[in-house]
Amino acid sequence: MLFRSVQTRRFGPLETLEVSASQAYEFYPGLGGFEDHHQYVLIPDQDSPLEWLQSTADPDVVFALLEPFIFCPDYSFEMTDADAAALGLTRPTDALVRVILTLRDSASAITANLMAPVVINPSLHLGRQIVLQETEQPLRFPVLSGLNAVVPAEAADNQDEAGAQTHAA
């Protein structure tokens, strides 16, 4: 496995990370507002489900990504045949779907861009930001509100299952 050094300022000071070639992705076209950046590495966060999409050309260009289904289980969108072909995707299950987060000082103010998901084909190392047309998906979805809605529902489901097992015994 080949490794390369990548510089990042994701936490402020410049740091150099060693990443494997398996973490490298090409984005054509580039992400919105960063059309000249095509080479990125996907770096998992050590302490959370976050991932960092770091430009290999500029240590200041880094995006916080999160799987949208964690906080919005019903999230869905349709991708055009042209986008699927450009990514080499033949089945939806072959794709990784992430959304770009806008990080704020307060966790309750963190938002996710559900209007323009990042779709990644991990086997071909290709990625693309899909700007959804004619969608009701929000540009700034409050992540913490979504998590708060999902977690109590999961807790209630687990409690219902535990109660059913108790009554069945």
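**Exercise 1. Determine how many helices and strands the chain has and in what order they run.**

Solution. The chain contains 2 helices and 11 strands, where helices (H or I, at least four residues) and strands (E, at least two) are DSSP runs numbered from the N terminus. Read from the N terminus, the order of elements is β-β-β-β-β-β-α-β-β-β-β-β-α. This is a predicted model, in which local features need pLDDT of at least 70 and side-chain atom pairs count only at pLDDT 80 or more, while totals for chains, interfaces and linings use all residues. Residues are numbered from 1 along each chain as its sequence is written, and side-chain values use heavy atoms, with hydrogens and water left out.

**Exercise 2. Describe the burial of the chain and its nonpolar cores.**

Solution. Step one: of the 169 residues in the chain, 38% are buried, a term that stands for under 20% relative accessible area, with exposed over 50% and partly exposed in between (1.4 Å probe, protein chains only).

Step two: the largest nonpolar core has 26 residues; such a core is a set of buried Ala, Val, Leu, Ile, Met, Phe, Trp, Tyr and Cys residues joined through side-chain atoms within 4.5 Å. Phe71, Tyr75, Leu101, Ala112, Leu114 and Val143 have the most contacts inside this core. At least two of its residues come from each of β2 (15-20), β4 (39-44), β6 (62-66) and β7 (96-102), and β7 supplies the largest share, 3 residues.

Step three: a second, separate core has 12 residues, including Phe27, Leu31, Val61 and Val118.

Step four: apart from neighbours within four places in sequence, Leu101 is in contact (heavy atoms within 4.5 Å) with Leu50, Ala64, Leu66, Ile110, Thr111, Ala112 and Val143.

**Exercise 3. Characterise the second largest pocket by volume and lining.**

Solution. The volume is about 160 Å³. Here a pocket is an open set of points on a 1 Å grid over the protein atoms alone where a 1.4 Å probe fits, with protein on both sides within 12 Å along at least five of seven lines; lining residues have an atom within 4 Å of a point. The volume is the space filled by probe spheres set on the points, which are joined across faces, edges and corners.

The lining residues include Pro49, Leu50, Leu66, Leu101, Ile110 and Val143. Helix α2 (residues 143-168) gives the largest share of the lining, 3 residues. By class, the lining comprises 11 nonpolar, no polar and no charged residues, with Ala, Val, Leu, Ile, Met, Phe, Trp, Tyr, Cys and Pro as nonpolar, Asp, Glu, Lys and Arg as charged, and the others, Gly among them, as polar.
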